[in-house]
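Here's a friendly walk through the structure below. Take a look at it first, then read on.

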Amino acid sequence: MTGLVAIPIIPGVNCEHDVAHAVRIAGGRSAFIHHTDRALPAETGAVYIPGGFAYGDYLRAGAIARFTPVVEAVARAAADGMPVLGVCNGFQVLCEAGLLPGALARNVGVRFLCQDVHVRLETAGTPASHRLKAGNVLRIPINHGEGCFTAPAEVLDLLETRNQILVRYCAADGTVDPADPVSNPNGSLRAIAGVTNPSGNVAGMMPHPERACEAILGSADGRPIVESLVHAAQSAPAPQSAGAGGR
Amino acid sequence: MSGPPLHRQLGLTDDELERIREILGRDPNRTELAMYSVMWSEHCSYKSSRVHLGRLPSAGPQVVLGPGENAGVVDIGDGLGVVVRIESHNHPSFVEPYQGAATGVGGILRDILTMGARPIASFDSLRFGLPVAQPGRSDPDGDDTGTAKQRWLVHGVVSGISGYGNAVGVPTVGGEVVFDPTYAGNPLVNVMALGVMPLAHLQRATASGPGNAVLLVGASTGRDGIGGVSVLASAGFDEGEDEKRPSVQVGDPFEEKKLIEACLELFRSGLTVGAQDLGGAGLTCATSETAAGGAGGMDVTLDTVELREPGMEPFEILTSESQERMLVVVEPENVEAALGVCAKWEAPATIIGHVTGSGRLRVGRSGETVCDVPPESLAEGVSYERPMSRPDRITALASRDPHALLPRLGPGVVPGEVLRLMTSPNLSDATWIHRQYDHQLFLNTVVGPGRGDAAVLRVKDTRKAVAVALDGVGRYCRLDPHRGAALAVAEACRNVACVGAVPIAAVDCMNFGNPEKPEVMWEFSAAVDGLREACEELAVPIVGGNVSFYNETSGLDIDPTPVVGVVGLIDPLDGIPAGIGFDGYGDVVFVAGTTYDDLGGSEWAWWNHDVVCGSAPTIDWTAERAHNAFLVDVQKGGLARSVHDVSVGGVAAALCECAVAGSTGAEVELAAWAPDLTMEDALFSETSGRSVLSVPPGVAESVERLAETHGVPLHAVGVVGGDSVLGIPVSDLQEAVTPAW
Amino acid sequence: MATTPAKRITVTIRPKAGLRDPEGNAILHALAALGWEDVENVHVGKTVTFDVGADTDDAARAEAEAMCRKILANPVIEDYEIVVGDTGS
């Protein structure tokens, strides 16, 4: 049986309870996986790496976390096609681990930013976005000090041609302007807020969809993303060997 | 060595030394002397304030635990309790604003954790000197109290709260920032934290059961924060060596995060019989308090305390204020499991002793006993009834009528006066601060910072929500500490009522000058009486508090500043409460409550005209209660589009804030809410018990009827719409409130 | 501790040349505002220092190089510089 959303817990991560809550209201099941675990549970159908400050973000956000056994297990599962979504610190971990291109540098205004932003969905049809249409504008909060997406120009070109850009920061009407400090507050290159790997099963984004799943909290626009992942987890084929990606 | 005797250098009086000798039946050794000096300090023993604090009302049907515990606990039904605590970190924040504020956050989170609750929110009340010069006055820049220094302090403190709070994973969901020259040499950093937990899981801060193991969990112990007792080092070693020893505590949010997870799992698994965080006075405080509250004795060895630096002396280990540490008491058969939980979360833990029934706190190092004292003699501290005398200043200020010194305003100058008022840093937009705080973690934040007069946090898996507001009014207290303290309670209660919550409990943080001055002591006592009066009148028990004395620089004391945090309950929460911004064209604008000619201590008189004298604003308790009840009913019925309390800057500032928050103006008839008063009184009076509401025209009549039922005067003063208010374009107001610093 | 002689390594990690450096920029502006107007090229990085057992400077440097590539620096956004010296003791 599949369908479980695995939530890796690396010391210093702090959005794990929020992710579990969002997965539950999106109709899914989740389980916390301790950072020392070398394999994901057999029933894992997707992985949601939560935000926070893994290892205090010491040295660099995600730099130490990527070497934990659980992240290595996630990397193996990802290579086998497992849907993986990393949000905020989770995105930083995936970049550091080389599972996603680019890096997240210090916000252009230096300061930490916790605020709502608008993002435009660029690539539908991935495990994290199949419940949305390209062009959908979502209001979702960001919460980071190092979220300025950075990569060499040729990498950025490739990301565009290969449809690896998941979401871009935009104005409320969907207009993207990378030079606009209001709509692109952390100064991300080409206003990129989230990307995927070439095959699309691994995705990372700085905005927190799990924080925007209920109207009482101000926005439910993030819910389709969580629902996409939950649905992908439930429809993923059963792993061929016990312990998805485990050895 | 020359100079005063050691005990005086440690801050102990000759009488206190004599008392220690009586308790021990001998002379204390150096280590014991250090331990008594920290435990009998003002900070730990409340020795000047204790005789007064008993007057505060702390009982109530919902109070589970009141003052004297690590945190207060209030029953909110469904078997749940709200755990709440407030504390000051003023002095450390002046020395090193980032670390001072950061460790202030860390310390209070551990207080909540000690009760067994996960801390889910924190709030800050911050006070600084002026970050910009007052209109028409020169900037004392370059000076240690100048605007540049104040800006540095604000930025440092805000970064410290953000840096620590965000990383440790506790959202900062509200608070206040106030600027006044009185704080230029002594900023105030008060931090409040809150947890919600099943009452059945409350932890005890006692060491019971002789034979039980005592574990020290968390960060290693260094020489942090031992500045006060470092004279001991120089007494025995080379002079000057202590200068190298930092007394600034450095916070590590990552260690704290691991400590929180480890402790919560220990508590949940029932592996502990008691727990106590290490804060002021470090191990000395944690061991003596838990022993005194439990079986009565404890044997401790310093040999297994993980040290960060070599060569630490016993007194240093015992009084170190290194952060992110917790003492837990565990039955022998659970020790292995407890150490396993700590290892799982990578929180270092060692056994440092065991509980005894000996009635003594015995501490050993390398086989030698370095301390053998009755723990309650440390924990209970000392208490003084210090002399008091009414400051002459109060009589002098009260005798001057501010109206005599202030201009009479014709309608033509109103826009200019209002716009100038709105450039006061106390009315500035704090979005730049709130944005730096994670205020959403845990998915509870229904109303976050800046969106309403109080923060609103839903309680998951129930229909309830708690609201929290934090207020203090130093300038009123300069005029009248009794009424000023009462006004702080009134404002905080009104703020939670504005979001639809019924106030259920309060905590107080008393920031005062030097208690050895009779005038300061009188102010303190008067403020306690003011708190008592207000809490009784508004039926909110005080469930915890903190006293910070010696807020003085070069002999100048700060204005007496009681800061009050109020927790309110919304049950049930039926949607997002109306915020403060005007939003609906054509909505009727109401001013609720009665306005009197209260310009004494007002923001307008001070900021625009540099006048601070007269009486603090009027409070009418019957009207205050009625107004709060009215606001709760308005929110419950979903009748208003916006609700905003009237406080600093009067109705004028409130209208401007509603307009800026909603980016929408209003057509308002000047002074329609107080036709019998002068223009300046109507606009800028700070009478308590008032609010500005905007209401869709269709329900205006219901709101009027509701006000009548509650006996609240309600004045229809205008209509929402357009792009200006009080004759000022909203865009100009937006610019005025955006800090340029 | 290691029985081989120790070398003291200092790794300086900086934002990659040509990359936007908001922190450096903020300091540049602050300096200019305080009157140091002819300051340029302000960058903020971090320094990692450690002692490593190695017989030669080259061996120590090779070790530090490997550390930088694996964990200490992120080549997408950071450059690094290694200085090998003797330990103070």
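## Where the two chains meet

Chain B and chain A bury about 2,600 Å² between them, with carbon and sulfur atoms giving 59% of that. Buried area here is the accessible area (1.4 Å probe) that two parts lose on being put together, summed over both. On the chain B side, Phe254(B), Arg435(B) and Leu443(B) lose the most area to chain A, together 24% of what that side buries. In terms of contacts (heavy atoms within 4.5 Å), 35 residues of chain B touch 32 residues of chain A.

## A word on the model

This is a predicted model, where local features need pLDDT of at least 70, side-chain atom pairs count only at pLDDT 80 or more, and totals for chains, interfaces and linings use all residues. Residues are numbered from 1 along each chain as its sequence is written, chains are lettered from A and ligands numbered from 1 in the order in which they are written, and side-chain values use heavy atoms, leaving out hydrogens and water.

## Chain B as a whole

Chain B has 27 helices and 28 strands; these are DSSP runs, numbered from the N terminus, with helices (H or I) of at least four residues and strands (E) of at least two. Its C-alpha trace spans about 80 × 55 × 40 Å along the principal axes. Of the 741 residues of chain B, 63% count as buried, meaning under 20% relative accessible area, with over 50% called exposed and anything in between partly exposed (1.4 Å probe, protein chains only).

Look at contacts in chain B with a separation of 6 or more, and 85% of them come from residues 24 or more positions apart.

Start with Ser122(B), which sits in strand E4 (residues 119-128) of chain B. Ser122(B) counts as buried because its relative accessibility is 1%. Not counting residues up to four places away in sequence, Ser122(B) touches several residues, including Val170(B), Pro171(B), Met192(B) and Ala193(B). Arg85(B) is 37 residues from Ser122(B) in sequence, and their C-alpha atoms are 9.6 Å apart.

Now find Trp606(B) in helix H22 (residues 603-609) of chain B. With 4% relative accessibility, Trp606(B) counts as buried. Leaving aside neighbours within four places in sequence, its contacts include Leu130(B), Phe179(B), Asn426(B), Arg475(B) and Val612(B). Thr182(B) is 424 residues from Trp606(B) along the chain, with 13 Å between their C-alpha atoms.
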